[in-house]
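Q: Hey, can you help me look over this protein? I'd like to go through its surface and its charged pairs.

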Amino acid sequence: MVDHARGMETIIAASRLEALGNPTRLSLYRALVRAGHGGLSVGDCQSRLGIAQSTLSFHLKTLIVAGLVSQERQGRTLVCRANFEVMSGLVDFLVAECCRDECCGTSDASAA
């Protein structure tokens, strides 16, 4: 029997990992994670990464579509924030199966 929910989870995780697979996007995402819940303005992101506004917009859009980043307008400023709930879910997905196939008995050395 196929676990369709797990398959969909895999597809979503893969798209999020793909979004982070670009060095500029990964640097941007890490800067937003480092900034915490307060986030960073688009201008702060641009100056920290040293990239053009159009390049930043392109990469931000990819992270937003993947659900990893959100934006909020505060007056005339656009603030970007890492979505920590999505980040936690992605990390949980990656480690959920950790060592499942490893035998949980005694090691071969101790059995001798």
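Q: Which helix gives the largest share of the nonpolar patch?
A: That's helix α5, residues 84–95, which supplies 3 residues. Keep in mind that this is a predicted model.

Q: Ok, and which residues form that patch?
A: Leu17, Val91, Leu94 and Val95. Together they have about 340 Å² of accessible area on the surface.

Q: Where does Leu17 sit?
A: Leu17 is in helix α1, which covers residues 4–20.

Q: Is Leu17 buried, partly exposed or exposed?
A: Partly exposed, because its relative accessibility is 37%, and that class lies between the 20% and 50% cut-offs.

Q: Switching topic: how many salt bridges are there in the whole structure?
A: The search turns up 2. In one of them, the side chains of Glu72 and Arg81 meet, at 2.6 Å from N to O. In the other, Glu97 pairs with Arg100 through their side chains, at 3.3 Å from N to O.

Q: Why would side chains like that pair up at all?
A: Opposite charges can pair when the charged atoms come close.

Q: Back to Arg81: buried or exposed?
A: Buried, since Arg81 has 17% relative accessibility and the cut-off for buried is under 20%.

Terms used
Residues numbered from 1 in each chain as written. Predicted model: local features only at pLDDT ≥ 70, side-chain atom pairs only at ≥ 80, totals over all residues. Heavy atoms only, no water. Salt bridge = Lys/Arg side-chain N within 4 Å of Asp/Glu carboxyl O. Buried < 20%, exposed > 50% of the residue type's maximum accessible area, 1.4 Å probe, protein only. Patch = residues over 30% accessible without salt bridge, like charges linked within 9 Å, V, L, I, M, F, W, Y side chains within 5 Å. Areas by Shrake-Rupley, 256 points an atom, 1.4 Å probe, with all protein chains shown as cover. Helix = DSSP H or I, 4+ residues; strand = E, 2+ residues; numbered from the N terminus.
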